[in-house]
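Q: I would like to learn how to read a protein model feature by feature. Where do we start?

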Amino acid sequence: MSGSLSPTFLFALGLFAALWLLAGFWATVRGIAMQRRAAFVAGQAERLASLVEASPQLPVIVRADWRIEASERLGRWLGLSQGPRNFDELRGLGSGLDAAGHDALRQAILGAQRGAKPFTLSLKPEGGDRAIIIHGAAAPNAVCGSGGVLLWLSDATDGQRALAHARSERDEAMAAFEALSGLIEAAPFPMWFRDTDLHLALVNTAYVRAVEAKSAVAVIDGGVELCETVAGVSAAEAADEARIAGSAQVRTIPVTIEGERRIMRVVDVPLAPQGGRVIGIAGYAIDIQELETERGAHRRFVDTQRELLDRLSAAVAQFGPDQGLNFANLPFRRLFGIESDDVAEALPFARLLDAWRERGRTPEVRNYPEWRQVHVDWFAQPGASEEDWLLRDGTHLHVVAQPTPDGGLLLIAEDKTEQVQLAGARDTLLRVRTATFDNLFEAVAVFAPDGRLHLWNQRFRRLWGIDEGTLAAHPRVDALMSGLADRLAKPNQISIVQEVIRAATLERQQRVGEVRFADGRHFDFASIPLPDGNALLIMLDITASRKMEGALRERNEALEAADKAKTAFLSRMSYELRTPLTSIGGFGEMLQAGYAGKLGDQQRAYIDAIMDSVAVLSRQIDNVLDLAQGEAGTLAVERAPVDIRALLEGALADAKSLADSEKVELVGNIAANLGSIDGDAPRLSRLVAGLLDNAVRFTAPSRKSGARVLLHADGDARGVDIIVSDNGPGMPEAAVAVAKGQQAGTATGGIGLALARQLVAAHGGTMEVVSEQGQGTLVRISLPRGA
C-alpha cells in the first residue's frame with residue numbers, strides 16, 4: 001500500500017479536492033457578492049447623504065455628551081466661521097445663537113433626552129435676518145445610541161416674510177373692507193347686496209330710510225324691495241338678468257322714496273372675484289329726478305339758444321367732442337354753403353375745412369395740410385383762438401374758435417368786409433382830410449370845449465408866426481392869444497377873437513369878425529360850433545379881395561357914369577334924329593298927296609320907298625329909345641284896352657309884303673275869342689311886328705323850299721299866349737342869350753329881342769325862347785289880362 005495509493009484514498013482525496021475547490025469557488029462568489037453589496041450600500045449612503053444635503057431641512061445629531069454631528073451648512077445658517085462640533089459652539093460673539101436662544105434650545109434638548117418630549121423652536125441667529133425653525137425629538141438608538149437627540153432645522157426666512165406680507169395684506173384688506181363698509185353705510189343713496197339666491201343680504205341706512213323700514217334686519221327679514229315691478233320685471237328678475245349677462249345692467253324707473261315719486265337710475269352689478277363664479281349681485285339707485293328736470297331745462301335752453309343764434313347776423317356753428325358738426329345757424333350755412341344734410345350727418349370739422357377750401361371759403365395758404373392740422377387742433381386749445389380770413393372773392397372774415405368744456409368747439413365767423421372797406425375808406429379819408437386840412441387856403445384851428453387848442457393847420461401856424469412846439473403843448477385860447485396881440489394893427493382886437501371862440505365853445509353860437517394885421521393884411525374870421533363840442537376857427541385872407549373890391553367899386557362907378565352918359569346920348573340922339581325924320585316924312589306925305597303936282601309912276605315908287613324907309617327908321621328909333629329907357633328903368637307903359645286880334649291881324653298885314661318879297665309863307669292862326677288886355681297898343685304892335693320881321697329875316701336866307709313863319713294866338717280868362725315860330729336855321733346862341741335876358745348885346749336880332757323882353761316884362765308877362773340849329777325858333781309870349 002505504501003507504494004501505491006488505494007482507490008479509496010484517491011477517491012477520498014479527489015472528493016476533498018473537489019470539495020475544497022467548491023468551497024473556494026463559493027467563497028469567491030460570496031466575496032464578489034459582498035463586494036457588490038458593499039458598493040451598493042456605499043452608493044446608497046452617498047445618495048442619501050446627497051439627498052440630505054439637498055434637503056431644505058438640515059438634520060443635526062446632538063449626542064449625550066453634547067457633541068454635534070451636522071454638515072457645514074449649519075455654520076453658514078448660524079453665521080459661524082466653521083461648522084460647530086459641540087453644543088457650546090452654537091453661540092458665538094456677534095454670530096450664532098444669542099444667549100436666550102441658546103439656553104432655550106438647551107432646555108428643549110434636555111427635555112427630549114429625559115422625557116423623549118418633541119419640541120419646536122423658532123430662533124433667529126445674531127447679526128442676520130435669517131429665521132430658523134427647529135423640530136427636535138429623541139434620536140433612535142441605532143443612530144447615535146442612547147441619550148442622543150435628532151434636530152431638524154429648516155430655513156423659514158422666506159416663509160416668515162411671506163407670512164408677514166400675508167398678514168399685512170390681510171390687515172389692509174380688513175381695513176379697506178371696513179372703510180368700504182363705512183362708505184356704503186354712509187352713502188346718501190340706497191345700496192344693497194343679494195346672495196346667490198337673489199335674496200337681500202345687506203342694505204345700507206339710505207335703503208332703510210328710503211323704504212321707511214325700522215332697521216336693516218327688518219328689511220332683510222321681510223325682503224322689502226326698493227324697486228317696484230316695472231313692465232313685468234321685478235327687482236329680483238332684474239338682478240338675475242345682470243347675473244346671466246355677466247355685466248352691470250342699468251334701468252331708469254320711477255321709485256317711491258319716502259312717500260315721494262322719484263325717477264331713479266338703478267344699477268345691478270354681478271360680483272365674480274377673479275372672473276370666477278358669481279357670488280352675489282350688488283346694486284345701487286341714484287336719484288336723477290333733478291338731473292332729468294335739469295336735462296329737460298337744458299334741452300329747452302339749447303333750443304332757445306339755437307333759435308336765438310339763427311336770428312343773429314354773425315355766423316355761429318357748434319361742434320361736438322367728436323369734432324362733428326352739431327349746429328349751424330342760417331348765416332353760417334349761407335356764408336359757408338352748408339346744407340341741412342351736412343348738419344344731420346354731423347360732418348367732421350376736418351372734412352368741412354376741405355369742402356370750404358374747394359368752395360373758396362378758406363384763405364389761400366402755402367401749406368394747406370399744416371394749416372388744416374393747426375385748425376383741427378383748435379379743439380385741444382386751452383383758450384379761444386382768433387383769426388382774420390381773406391377769401392378769394394375779397395370777403396374778410398373775423399373767425400373766433402372757443403373750445404367748450406365738453407371737448408367741443410364753438411366757431412363764430414363775422415363778415416368784416418364792409419367794415420374793412422369802411423376802415424380803408426376812413427383811413428383814406430383821414431389822410432385826404434389831413435392833406436386837405438394842411439393845404440387849405442384858409443387858416444384853420446379847432447379848440448376843445450375847455451378852450452385848449454386841439455387841431456391846427458400849417459397856414460394857421462404861419463399866419464400867427466407860432467413855433468410848432470408851442471402849438472403841440474395845446475395851450476388855452478387865452479394864453480395863446482395873449483401873446484399874439486402885437487401881430488394885429490389894433491392889439492386890443494385880439495379880445496374879439498377870444499370872444500368869438502368862447503361863444504362857439506360855451507354858448508354854441510356861430511360868430512364872425514374881421515381883423516387887420518400890422519403888415520396890412522386883412523382877414524375875415526368865423527367860429528363855428530362842431531357837433532362833438534369843439535369849435536372851428538377859420539381865418540380867410542381877404543387882402544386881395546379887398547383890393548379887388550376897391551378896384552371894382554371904382555370901375556363900377558365909372559361904368560355907371562358911362563351908362564348914364566350912353567342913355568342920355570341915346571335919348572338925345574333919338575330926339576335929334578326924330579326931328580329931321582319927321583320933316584322927311586311930312587314932305588314925303590305932301591308929295592304923295594300931290595301938293596307938288598302929279599307924280600309919275602317912277603316918282604311915286606321913289607316916294608313910296610322913301611316913306612317905307614321913314615317908317616322903318618321911325619320904328620327903330622322908337623325901339624332904341626324904349627330900350628334905353630328900359631335899361632335905365634324909366635320906360636313908361638300906357639294902359640288901355642287893346643284888341644289883341646285886331647292888333648295881330650294888322651301886324652300880319654304889315655309883314656305880308658316883306659314875307660312875299662323874301663318868298664316866305666306867312667301863316668296866321670289867331671283864335672276868334674282873344675278879347676282884349678290892358679296894355680300899350682303902339683308898343684305891343686311894335687313888339688309883334690319886330691318878332692315877325694326877325695322870323696322872316698332869319699328864315700329867308702336859308703332859301704329852302706317850304707320856308708314858313710307861323711303866328712299863333714290863343715287865350716283864356718287869365719291871359720293871352722302869342723307864339724311866333726319858324727322853320728329856319730335857328731338863332732345864334734348870343735341872340736338866344738339876349739332874348740332870355742342872360743346877357744345884353746346888339747348881335748343880330750339882339751335889339752329887337754332885348755326890347756321884346758323888356759316890353760313883355762313891362763306888361764307883367766313872360767317870354768320864352770326855344771331855338772335849335774337847323775330846326776327853327778319859337779318865341780312864346782304870355783300876357784295877363786289885367787295890369
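A: We start with a loop residue. Leucine 198 sits in the loop between β6 (191–194) and β7 (200–203). Two conventions come with it. This is a predicted model, in which local features need pLDDT of at least 70, side-chain atom pairs count only at pLDDT 80 or more, and totals for chains, interfaces and linings use all residues. Residues are numbered from 1 along each chain as its sequence is written, and side-chain values use heavy atoms, with hydrogens and water left out.

Q: How are helices and strands assigned, and how many helices and strands are there in the protein?

A: Helices (H or I, at least four residues) and strands (E, at least two) are DSSP runs, numbered from the N terminus. The protein has 24 helices and 27 strands.

Q: Is leucine 198 buried or exposed?

A: Buried means under 20% relative accessible area, exposed means over 50%, and partly exposed is in between (1.4 Å probe, protein chains only). Leucine 198 has a relative accessible area of 12%, so it is buried. Across the protein, buried residues make up 34% of the 787 residues.

Q: Which residues is leucine 198 in contact with, leaving aside its neighbours within four places in sequence?

A: Contact means heavy atoms within 4.5 Å. By that rule, leucine 198 is in contact with Ala236, Ala239, Asp240, Arg243 and Ile281, once neighbours within four places in sequence are set aside. Take arginine 243: it is 45 residues from leucine 198 in sequence, and the C-alpha to C-alpha separation is 9.7 Å. For the protein, take the contacts with a separation of 6 or more: 47% of them are between residues 24 or more positions apart.

Q: Next, the nonpolar core. Which residues of the largest one touch the most other members?

A: A nonpolar core is a set of buried Ala, Val, Leu, Ile, Met, Phe, Trp, Tyr and Cys residues joined through side-chain atoms within 4.5 Å. The largest one here has 41 residues, and Leu648, Leu692 and Ile781 touch the most other members. Among the elements giving two or more residues to this core are α21 (644–661), α22 (681–699) and β27 (776–784). The most comes from α21, with eight residues. A second, separate core has 29 residues, including Leu325, Phe349, Trp356 and Trp378.

Q: What is a salt bridge, and how many does the structure hold?

A: A salt bridge is a side-chain nitrogen of Lys or Arg within 4 Å of a carboxyl oxygen of Asp or Glu. The structure holds 25. One of them joins the side chains of aspartate 354 and arginine 372 (3.0 Å, N to O). Aspartate 354 lies in helix α12 (residues 349–358) and arginine 372 in helix α13 (residues 368–376), so the pair ties together parts that are 18 residues apart in sequence. Aspartate 354 is partly exposed at 28% relative accessibility, and arginine 372 is partly exposed at 25%.

Q: Which other salt bridge pairs can I look up?

A: Arginine 461 pairs with glutamate 468, with the closest N and O atoms 3.4 Å apart. The side chains of arginine 476 and aspartate 478 form another salt bridge (3.9 Å, N to O). Salt bridges with shared partners also link Glu499, Arg502, Glu507 and Arg511 into one network.

Q: Last, the surface. Which residues make a nonpolar surface patch?

A: Patches are made of residues with over 30% relative accessible area and no salt bridge: like charges are joined within 9 Å, nonpolar side chains (Val, Leu, Ile, Met, Phe, Trp, Tyr) within 5 Å. Accessible areas come from the Shrake-Rupley method with a 1.4 Å probe; for residues, only the protein chains shown count as cover. Phe11, Leu15, Leu19 and Leu22 make a nonpolar patch of about 430 Å². Leucine 19 is in helix α1 (residues 7–54). It is partly exposed, with a relative accessible area of 48%. The accessible surface of the protein is about 45,700 Å², and 56% of it belongs to carbon and sulfur atoms.
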